[in-house]
Amino acid sequence: MANQKMLGFVHTAQKMPDKRSAADRRQDFAEIYARFSDERANEQANRCSQCGVPFCQVHCPVSNNIPDWLKLTAEGRLEEAYEVSQATNNFPEICGRICPQDRLCEGNCVIEQSTHGAVTIGSVEKYINDTAWENGWVKPRKPARELGLSVGVIGAGPAGLAAAEELRAKGYEVHVYDRYDRMGGLLVYGIPGFKLEKDVVARRVQRLADAGVIFHSNFEVGRDASLAELRERHVTILIATGVYQARDIKAPGSGLKNIVPALEYLTTSNKVGLGDRMDAYEDGSLNAAGKKVVVLGGGDTAMDCVRTAIRQGATSVKCLYRRDRKNMPGSQREVAHAEEEGVEFVWQAAPEAFTGNDVVTGVRAVRIHLGVADATGRQTPQVIEGSDFTEPADLVIKALGFEPEDLPGMFGSPDLTVTRWGTLLVDHRTKMTSLDGVFAAGDIVRGASLVVWAIRDGRDAADAMHAYAQTVGAPKLAVAAE
Ligand SMILES: Cc1cc2nc3c(=O)[nH]c(=O)nc-3n(C[C@H](O)[C@H](O)[C@H](O)COP(=O)(O)OP(=O)(O)OC[C@H]3O[C@@H](n4cnc5c(N)ncnc54)[C@H](O)[C@@H]3O)c2cc1C
Ligand code: SF4
């Protein structure tokens, strides 16, 4: 009741004049909220049944020791919980925020299976690690000794950063090259700030810099150096460049103005959120304010676009997807959030053409019937004749997925072998590509995937690069120096 009074949650008839300043009220709220978080984390941690087979851990890509850190949290031993949590994950509070837990740890919690609702593992992971940051427990991982060997990492997304941290902790001089001005890859320019605050990413990057990782921003491999040149500089190299080639739609009218790719839209929005001045946002071409927005696609990128458009003040936001709700690739949790926020989903609808003269005014679409399953088990979409309709639009965002860029061509390395999907071909035991001493990790190997898988790959690649440098690379250097 005391808390309710402080927060002003009292019946009007009993309401007393509140003489505190706004700053005091905010401070009170922050304290009460912090206590609430403590209690919630503790309550959730206590719900863990400590089952014999930790399915949550089995389904966590970095094999987080979830039952142990839940138990420590329930006992109020947060610093120890932090130690256990950070032992397996380089960016635990980031995963706690943006992992699709319903498909991973929480979806496999035995309490969820018994229909009592999963322990909210991601929120507890976020809570433990945010508390660690607040209390100064998170320190740069400086090496005990320097190995005198230099490694190169191309790409500062979660895969590259996780590998860089692990390699630096082992004693390597680590150089990270990224073509963007800020480090973090899609953590900073893809995923919107309302899901992942950018200062949470920046403090991680700073932690790496404090450990001695050397960052080269605005450095595009292929333009500023070839892969061969980097191989001369470093004993081993990691390629962690992600996938950035947007899938496009070829349809009448697709060249009209205000039909834009998702990543361009989200990157601009993120840059504006970071305080950059962006002309395309100012002139309205990448700003949804006051517009009828149609997003094409059904993955997580599409969900980020619809939710960003709502926040920018769109008058309406519709999402067109050719399959139904249960077959969409995006997280069901994200869809639920989007619906709560006012997004309308137009299921089983596929775009056929765009209307308008110079600027788009609508999307002409057809209704889809889901037919028999194909060889992959997915029902084949079939157009329903005569079902076309037009969805009015002032801004159309294409969120149809991503493919790899032509890395062998860009890097001037035709001998860098790719799969038939354009991803880098690696030996899955060692993560080494077709080039000696050149490893790869993250989306450029898996295709568009998840942050937590990129972290896992980065950590595995770091182990393999260390083994390579010690057994092959370093002896070669020593011989060359003689
Ligand atoms: C809009 C969007 C939302 C997403 N939301 C989620 C989510 O909520 N949860 C989740 O788990 N996953 C999400 N993902 C997926 C996740 O972001 C990726 O799987 C993950 O970031 C892949 O990490 P990575 O390190 O392999 O690549 P990236 O994060 O893509 O990083 C690659 C880096 O390489 C750099 N680079 C590329 N080419 C070069 C070059 N030639 N020279 C130098 N540098 C180069 C890029 O600038 C970039 O910084 C989302 C993806 C998108 C697009
Ligand atoms: S890293 Fe992701 S999958 Fe693993 S425990 Fe954390 S939220 Fe769950």
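The views below show a predicted model, in which local features need pLDDT of at least 70 and side-chain atom pairs count only at pLDDT 80 or more, while totals for chains, interfaces and linings use all residues. Residues are numbered from 1 along each chain as its sequence is written, chains are lettered from A and ligands numbered from 1 in the order in which they are written, and side-chain values use heavy atoms, without hydrogens and water.

**View 1. The contact of helices α4 and α8.** Helices (H or I, at least four residues) and strands (E, at least two) are DSSP runs, numbered from the N terminus. In α4, residues I66, W69, L70 and T73 meet I121, V124, E125 and I128 of α8; contact means heavy atoms within 4.5 Å. The residues of this contact divide into 6 nonpolar, 1 polar and 1 charged.

**View 2. The loop at G422.** G422 belongs to the loop between α17 (407-410) and β16 (438-440). Apart from neighbours within four places in sequence, G422 is in contact with P404 and E405. Between G422 and I239 there are 183 residues in sequence and 14 Å in space, C-alpha to C-alpha.

Note on methods: Ala, Val, Leu, Ile, Met, Phe, Trp, Tyr, Cys and Pro count as nonpolar, Asp, Glu, Lys and Arg as charged, and the others, Gly among them, as polar.
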